[in-house]
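Here is a short note to read with the model open. Keep the strands in view as you go through the points.

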Amino acid sequence: FTYPDGALLSYPDGSLIRSVSSPTVYLVANGQRRGITSAQQFSTLGYQFSQVLTVPDSDLRLNGEGSDY
């Protein structure tokens, strides 16, 4: 059985992700990861750190980089 070639899957909008090598948390919006610049901003947006998924550095790059919050 073979799988067809296609675009790599990325994290869906609304995902909170960070890489194993950096403390920066990103929110995926419109297919791009957007850095959340402070813990205060993170909580102002209504998120909790228990919602953040830690991913390999290579997976973080599956979503393009957008502007920070």
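The points below cover the ground rules, then the sheet, then its strands.

1. Ground rules. This is a predicted model, in which local features need pLDDT of at least 70, side-chain atom pairs count only at pLDDT 80 or more, and totals for chains, interfaces and linings use all residues. Residues are numbered from 1 along each chain as its sequence is written, and side-chain values use heavy atoms, with hydrogens and water left out.

2. The sheet. Five strands make an open sheet with mixed pairing, in the order β4-β1-β2-β3-β5. Strands are DSSP runs of E, at least two residues, numbered from the N terminus. Two strands pair if DSSP finds at least two bridges between them. The edges are β4 (53-55) and β5 (64-65), and each pairs on one side only.

3. β1 with β2. Strand β1 (residues 16-19) runs antiparallel to β2, and two bridges link them. The hairpin from β1 to β2 passes through five residues.

4. Inside β2. Val-25, Leu-27 and Ala-29 point one way from β2. Tyr-26 and Val-28 point the other way, and all are buried.

5. β2 with β3. These strands are antiparallel, with five bridges between them. Leu-27 has Arg-34 as its bridge partner in β3. Ala-29 sits opposite Gln-32 in β3. Which residue of this hairpin takes a positive phi? Asn-30 does, near 55 degrees, in a hairpin with two residues between the strands.

6. β3 with β5. Here the strands run parallel: two bridges join β3 (residues 32-36) to β5. Look for Arg-33, whose bridge partner in β5 is Glu-65.

Key: Helix = DSSP H or I, 4+ residues; strand = E, 2+ residues; numbered from the N terminus. Buried < 20%, exposed > 50% of the residue type's maximum accessible area, 1.4 Å probe, protein only.
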